[in-house]
Amino acid sequence: MSRVAWKRLPSVDAVDIASPLSSSPIQRSLSIPVDDHTSSSRRESGTVEKLLASYGFVHCSDRDMRLFFHYSQYAGNAASELRVGDFVEFEMITDRKTNKLVASKLYKLETGVDDVIEEPVEGIVVDWLAESGAGQLSYELSGESFFLTFYKGDVDGDVELKKDDIVSFLVSTDQRNRTVRARQIKVVKPVILNQGVVSSMKESFGFIERDDVAKEIFFHFSELQGNVNELCLGSEVEFTVGNRNNKEVALGILMLPPGTVVFEDIDPGSFSGRVVKVPPRVPSRRSMEPIMGKVRMEGTDGAKKELHFRDRDLILRHTLWVGDLVLFSLVTDRRNRSQRAANMAFNVDSFAENNEQRETGTVAAVKEGFGFIKCAEREARMFFHFSELLEEGDVHISDEVEFTVVQDPASNQRSIAVRIKKLAKGTVIFEVIGEESFLGKVEKIPPNMWGRSPGRNHSREHDLGMLVYESHGTSQRIAFHAKDTDLKVPPEEGDEVSFNIAEIKRDRSMMAVNIKVVDRIFDPCKRGFVAVLKESFGFLETEDHDREVFFHYSQFDGDVNTLLVGDEVEFSLVRKGSKSNAEKVKVLPKGTIPAEKVQPGELKGRVLRPLRCIDPQQLEYNGLIQETTEDGQEGATYPYCILSLADKHEFLQKDDSVCFQLATSTKKTVWAWKVAGERKYARAKVSSIKGQFGFIDYDVGEGKKLFFHLSEVVEGVEISPGHEVEFVIVQNQRNGRYSAVNVRRLTESQRPQRLSRMRSSLSTSGPKLTILRQPKGPDGTKGFTLAR
């Protein structure tokens, strides 16, 4: 094939334009005389679009414009020589009458297409626009790459071209507009479209698992024809295979609808086998290929066959061990006809087959993705992950389960539960109850009998009660829980009870269960004192000052706004589960409950143990004060309760100095009474008020301001930012943070603290006065008007 050099044609600006590929001038019609003078007007070319009686219209080749022309402007007989579609050359001038552009001095040109390269050339389809009918080819000539435009009419036959098709064509020039284009296009080698599934993705590239061969191919995100944000692992795509740096890469990637790409054929039957190799749950960083597992199956002919499987072939993600029995499906790869196991499920017959040691328990706590099991055979709670469930579905608290205990791979000091199977209700047994019934006496009731919740660091051993009974002529003692007592008639100390003995499976210890009071009618009516008042609930202190009972304001008979700390009340004790609540709470007249006899004289001391409402982590309900003599010697210790405080809102903490008196109850118990703290008051200004709390401009460390609640403001006076206040600093026993209590607003003439305390104590015990109407003078003013 002869090679002819060519270059891009310049725009036509003169009459005599020569082709870059030929030295001969353009052949005009013989009827057109040659104009010797050079026209200053621009010469253009176009196509006759419309012809009428004495005029017509021509469409410009270089611009989207239609121009009027008169037959008199054509060099010849326009009516007989011109036809619609003829290619003409003309000057574009402005009509003096209409001031519009028109065509003048028209010449008819010889039309046709000349082949630049007479022999066919091979190239590649770069772009094919089916809607517009135009496309682009690329080919190499003399070491240079060129691009040519082509149209639908330039393709031979009814062939639909695709991108990257290898084609042959002729390089030609259109004499109408001097453009070079491809024609007589024939497909030499159509592009091969491959399909696959995106198997991995990085920041700007990834890999596709091919459907024609069992391997992956690299691709760059720039090759995706669409929105790269829609591409994800598992996306099905179509692509062509290219070569870059002697490596195969995927080009021209298009996304396909889900379900288009199929790699394998699944056998409709179900097969069983035994695991001989388990794939690691955490793949090695050094190996790019996934490590396969193996399962051995027995064929219909008795021959044993080993099949590979991957970690993703497991239906569930629980722990799998060598020797486990499994059920699976047999799949055949279309690419290489290899077989493997898929849709693998655990066979529960493995437990009996392998003599696996299983334990039982109930789900005690459920978090996000993990939980804890209360074991029937051991004391510790067992951690488990949701992925270890052998069945799909949610897990709930109190679900009974069976599991295997193994060492945690992440920690050698902890065991975890794996391969968890749900059981039917009533399957798990924590204790074995004997049939023999015993009689005994209550020596001690559990501290949580009245509904106290254990603290964060509380030991459950302290929540045990104790019974005394005789067995074979010897006195025995046995512990019991509050939950094992009668809900309607809970036992009290000294009661005679009947019970059974149960053996606890986890530690083989004995406990009393099914405890019932013998020959006593339970009287739920109790008396006590208001100990604590919150927003919607409170606590009552029993008549003996030894425990507290919860009550809700909805159970109070009367206006709860009139209820004060220290009021005598009557209530009914109702047992709900393992806790007791007070209901039908009613205020009693003052003096109904016999008061303690206060001894004369005032003592000094310090707090050894605060009340439980101050430190909820402690076991004992009452506080404890140790007497301190004048010479600094430590004396006797005395318990105190809410009623012991001179100011019921006093916030006494451990090691606080106090002054108190002694009082004797009807049961001859000596109490610390009229306890008052000897505190150091600090002064500062209020920084801000936010709802029901605020901050005082007082630094207690870490550059933070001092917190206080508005309920701690004495007498409930209004406090605003900028007011100077007097307060006591205390530390919260739970979180260790400091706050202000007994906040008192200071005025210009501040009342002495000792008198303020006296006024506070009197106001809680004496009658209250409420102003119903302000006084007025005879003339309706606030007082009498003096005549001047």
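How many salt bridges does the structure hold? This predicted model holds 36 salt bridges. Residues are named by type and number throughout.

**Nonpolar cores**

- The largest nonpolar core has 25 residues, and Tyr640, Phe660 and Val675 touch the most other members.
- At least two residues of this core come from each of strand S32 (525–533), strand S40 (634–640), strand S41 (657–664) and strand S42 (670–677).
- Another core, of 17 residues, lies apart from the largest one, and its members include Trp128, Phe150, Leu161 and Phe169.
- As general background, nonpolar side chains tend to be buried together in soluble globular proteins.

**Barrel of strands**

- A barrel is closed by 5 strands in the order S11-S12-S13-S15-S14, with mixed pairing.
- From one strand to the next, the twist averages 55 degrees.
- Within the barrel order, strand S11 (residues 194–201) pairs with strand S12 (residues 205–210) in the antiparallel sense, over 5 bridges.
- Val198 has Ile208, in S12, as its bridge partner.
- In general, strands of a sheet pair through backbone hydrogen bonds, either parallel or antiparallel.

**Salt bridges**

- Arg210 and Asp212 meet through their side chains in a salt bridge, at 2.7 Å from N to O.
- In that pair, Arg210 counts as buried because its relative accessibility is 7%, under the 20% cut-off.
- Arg378 is partly exposed, with a relative accessible area of 29%, whereas Glu359 is buried, with a value of 9%.
- Asp484 and Lys483 form a further salt bridge, with the closest N and O atoms 3.4 Å apart.
- Asp484 counts as buried at 13% relative accessibility, but Lys483 counts as exposed at 52%.
- One network, joined by salt bridges that share partners, contains Asp324, Glu356, Arg358, Glu402 and Arg419.

- Gln184 is not a glycine, yet its phi is positive, near 55 degrees.
- This residue, Gln184, has its place in strand S10 (residues 179–189).
- Gln184 counts as partly exposed because its relative accessibility is 36%, which falls between the 20% and 50% cut-offs.
- Lys584 is likewise a residue other than glycine with a positive phi, of about 55 degrees.
- Strand S36 (residues 579–587) is where Lys584 is found.
- Lys584 counts as exposed because its relative accessibility is 63%, over the 50% cut-off.

How values were computed
Residues are numbered from 1 along each chain as its sequence is written. This is a predicted model: local features need pLDDT of at least 70, side-chain atom pairs count only at pLDDT 80 or more; totals for chains, interfaces and linings use all residues. Side-chain values use heavy atoms; hydrogens and water are left out. A nonpolar core is a set of buried Ala, Val, Leu, Ile, Met, Phe, Trp, Tyr and Cys residues joined through side-chain atoms within 4.5 Å. Buried means under 20% relative accessible area, exposed over 50%, partly exposed in between (1.4 Å probe, protein chains only). Helices (H or I, at least four residues) and strands (E, at least two) are DSSP runs, numbered from the N terminus. Two strands pair if DSSP finds at least two bridges between them. Axes are lines fitted to C-alpha atoms, for helices over the stretch in contact, and angles run from 0 to 180 degrees between N-to-C directions. A salt bridge is a side-chain nitrogen of Lys or Arg within 4 Å of a carboxyl oxygen of Asp or Glu.
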